[in-house]
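Subject: Structure handover

Hello,

My notes follow below it; please read them with the model open.

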Amino acid sequence: MARYASTMLSALIFLTAASAAPTINFGSLAARPTLPSSTLPPPDPSTSLKYIALGVGTQNYTCATSDGTSVPASGGAMANLYDATPLMSVPILGNYEINTQTCKADQTNSGLAQRQIGVHYFDAALVPSFDLSLGTQSLQYPQGLYLSAKKSSSVAAPSNSCTGRNGAAAVAWVMLDDRGDGLTRGLSRAYRVHTTGGSAPATCAGMPPTFTVDYAAEYWFYG
Ligand SMILES: *[C@@H]1O[C@H](CO)[C@@H](O)[C@H](O)[C@H]1NC(C)=O
């Protein structure tokens, strides 16, 4: 408990200090943060880490019936994406700090609100899409980065993952690749890791035809 409290305190101090800082360009860093380890395939060595975002939003579900005879089906998701890259650039704080923020993120906006870089949404055809046009513009990509994705790998979240509101279990860690429809700009892959909440109940008993479950996650973008 004491350890948790002091870690939170250092996270808060760090966030306060970091909130006025510009987005850090990884090019100036000696060592880039490494993706949290899992059985997901590793990043393609020919690509590099572009951004780490904290996603805060909802996983959407549909239910065919409201009795216990059906199970919720995925109906997409919607999340705001906040630039968490600077949080990952400080040695030692690294993964632990952002994960601590993720744990809190479905109850507060965790102080990152001024750094929104985009949104994650599912389009009408339920294609998972990441629009980073709010804060990733460059000469090469004046409209910012964009990933039109398909899920290519998935693994259950670790058993010690943070639960969300009402005890919802953490959604799976996933790897999403460019689906090659020509919409993607400057990215080839995203990993959803350090997930918090977002899982549907086991059955549709008592559930409406559509509903949402709050979640938060880190998204690591490579290109
Ligand atoms: C998911 O739910 C959110 C509300 O949290 C909504 O804005 C969004 O349009 C929904 N997405 C889909 C694909 O239904």
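The chain has 3 helices and 8 strands, and along the sequence these run in the order α-β-β-α-α-β-β-β-β-β-β. This is a predicted model. Of its 223 residues, 46% count as buried. The chain exposes about 10700 Å², and carbon and sulfur atoms supply 57% of that area. Among contacts between residues at least 6 apart in sequence, 71% join residues at least 24 apart.

L126 counts as partly exposed because its relative accessibility is 45%.

In soluble globular proteins, nonpolar side chains tend to be buried together. Here the largest nonpolar core has 25 residues, and those with the most contacts inside it are L81, F130, L132, Y219 and F221. At least two residues of this core come from each of β1, β2, β4 (128–132), β5 (145–155), β6 (173–178) and β8 (210–222). Strand β8 gives the most, with 6 residues. There is also a second, separate core of 17 residues, which includes L54, A157, Y191 and W220.

Leaving out residues up to four places away in sequence, F221 touches S48, L49, K50, Y51, A53, L81, F130, L132, L187, R189 and A190. Among these contacts, L81, F130 and L132 are also on the list of residues with the most contacts inside the core.

H120

Is H120 buried or exposed? H120 counts as buried, because its relative accessibility is 4% and the cut-off for buried is under 20%. H120 belongs to strand β3 (residues 116–122). A polar atom of the H120 side chain lies 2.9 Å from the backbone oxygen of S129. Residues up to four places away in sequence aside, H120 touches A77, M78, A79, L81, P128, S129, F130, Y215 and Y219.

Other positions to look at

H194 is in strand β7 (residues 189–197). Its phi is near 45°, a positive value in a residue other than glycine. With a relative accessible area of 12%, H194 is buried.

T85 is found in helix α2 (residues 85–88). T85 counts as buried, because its relative accessibility is 1%. T85 and L49 are 36 residues apart in sequence, and their C-alpha atoms are 9.9 Å apart in space. L49 is also one of the residues that F221 touches.

P72 lies in the loop between β1 and β2. Which residues is P72 in contact with, leaving aside its neighbours within four places in sequence? They are Y61, T62, C63, A200, P201, A202, T203, C204 and F211. P72 and P201 are 129 residues apart in sequence and 7.3 Å apart in space, C-alpha to C-alpha. P72 is buried, with a relative accessible area of 17%.

Regards

Key
Residues numbered from 1 in each chain as written. Predicted model: local features only at pLDDT ≥ 70, side-chain atom pairs only at ≥ 80, totals over all residues. Heavy atoms only, no water. Core = buried A, V, L, I, M, F, W, Y, C linked by side-chain atoms within 4.5 Å. Buried < 20%, exposed > 50% of the residue type's maximum accessible area, 1.4 Å probe, protein only. Helix = DSSP H or I, 4+ residues; strand = E, 2+ residues; numbered from the N terminus. Contact = heavy atoms within 4.5 Å. Polar contact = N/O pair within 3.5 Å; in protein donor to acceptor, adjacent residues only side chain to side chain. Areas by Shrake-Rupley, 256 points an atom, 1.4 Å probe, with all protein chains shown as cover.
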